[in-house]
Amino acid sequence: MPQDIQTDVAIIGAGTAGLFAMKQVRMAGKSVTMIDPGPLGTTCARVGCMPSKVALHAAHLWHQRQEMAEYGTQGIEQLSLDRDKAWARVSAMRDRFAGKTEENARKAMGENLLEGPARFVEPTVLEVELPGGERQVVRAQAVVIANGSRPVVPEWLEPMSDRVVTTDTLFDVKHIPDSVGVLGLGAIGLEMGLALSRLGVRVVGSDIARLPAGISDPELGQRVIEQFSAEFPLWLGESAELSKEEDGILMKTSQGQEKVDMILASLGRRPNTDTLNLAEAGFELDDKGQLRFDPATQQVQDFPVFVAGDVNGHRPLQHEAGDEGTIAGFNAARGITRFRRRTPLSIAFTHPDIAVIGERLEDMDPDEIVTGSADGSGNGRSVILGAQSNLIHLHADAKTGRLRGASLMATHGEHLAHLLAWAIQRGETAQDLLAMPFYHPVVEEILPDALQDIVSRLPETHDLPKGFRREE
């Protein structure tokens, strides 16, 4: 067995959270040892946010031909799509993103990288299985756990595994079949279902949840269902029964049945904590077998151990992993500081986009908020874009008008979502936002309508027109 490695901070996982943590450790002038079993490259670049957006872009380009015909384009019916070639381009772009992140990671880690799975012996003592079978002990002053997550694949899918792909393996597929069933219509399941459908695949979607994309706002959820069920069936609110047949897989619910060539299992992700020997090493786990930690410090119990990124199951998004890695690395190297977390922001790039910003509707007391609504039917830019179905809900404090949360479905909604996240984090009120400039015609003009709706139900503080201020 090689000599034990002594290091200030050991980081398990060289993805987004781990790399951000490493940067903070090095800025503090401390030594660091990175441990990762591979493949290197972030989840976002390899199987998540980047390749999925390439797939959505490819699908949008092909799907646009229908609208082009309405504006007089001739010969649309003669166009054809080589779906496998399109998907090869998606995969090539994925390889480009993943390869670049791996290259940058290796360059950043240098000789401080151990490639192999790690397990805890004690809270600050790790054992790493190296490629040749040797075991390397790493003794650290602090540890950052950032080894990510993997797709949930229930055991009952095993008998049909030859026709099942996950979001981790979808982009390795060489031939996209004519029909695909999507199990799980969260953000990524809905995105990939729409991408495949827009590329000409017959798609059937199913989810035990009543509303897709993690939406809890019932009115918005119904608008989303109406919008996207026109593209492929959305069987919601019950489990689908699957049975393998000689030439495919039969999906069945009370809402219908379809035989498909392939199943995309998009049933969420599970943290990669089960291989770390946590309980035996002295960590306290919750009833789901996951680590207990403080989101403001990322610290696990009172140990000099920190958990960041998808592995903690808290906010499994790339930008959150970067923030959590930064917090974990800073605290591992410098001592405990409590950090204010940024306003939560999640976006599904479904065109029209779906976004939830700030506090979620179900977490707010309905007696303490007022909700302002507006839709695309009264927004000139939305009408031009064929996006009359755009809908936005803004939730504000019923006494002060301070914006607390928002949810929306809108074309170019990714931009609206960012504006609202910034406004919520700054503590802006509906009155102050209404006084901001809005150009015409833009999709953002939908905001003043929703803000007017809020302000009209707040206590009057002056007799000026809404959105106007006296010159000082």
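Me: Hi! What should I know about the model before we start?
Reply: It is predicted, so local features need pLDDT of at least 70 and side-chain atom pairs count only at pLDDT 80 or more, while totals for chains, interfaces and linings use all residues. Residues are numbered from 1 along each chain as its sequence is written, and side-chain values use heavy atoms, with hydrogens and water left out.

Me: How many bridges join β8 to β15?
Reply: Three, and the two strands run parallel. In β15, V164 has I263 as its bridge partner, and T166 has A265. With β9 (residues 179-183), β15 pairs over four bridges, also in the parallel sense, and V182 stands opposite L264.

Me: Are the side chains of β15 buried or exposed?
Reply: M262 and L264 on one side and I263 and A265 on the other are all buried. Buried means under 20% relative accessible area, exposed over 50%, and partly exposed in between (1.4 Å probe, protein chains only).

Me: New topic, helices! At what angle do α3 and α5 cross?
Reply: Roughly 150°, and the axes of α3 (residues 49-63) and α5 come within 9 Å. That makes α3 roughly antiparallel to α5; the cut-offs are under 35 degrees for roughly parallel, over 145 for roughly antiparallel, 65 to 115 for roughly perpendicular, and oblique for the rest. Axes are lines fitted to C-alpha atoms, for helices over the stretch in contact, and angles run from 0 to 180 degrees between N-to-C directions.

Me: Which residues make that contact?
Reply: M50, P51, V54, A55 and A58 of α3 and W87, V90, M93, R94 and F97 of α5. Contact means heavy atoms within 4.5 Å.

Me: And how do α1 and α5 pack?
Reply: Helix α1 (residues 16-27) and helix α5 (residues 83-109) pack at about 25°, with axes 12 Å apart. That makes α1 roughly parallel to α5. L19, M22 and R26 in α1 meet A105, A108 and M109 in α5.

Notes. Two strands pair if DSSP finds at least two bridges between them.
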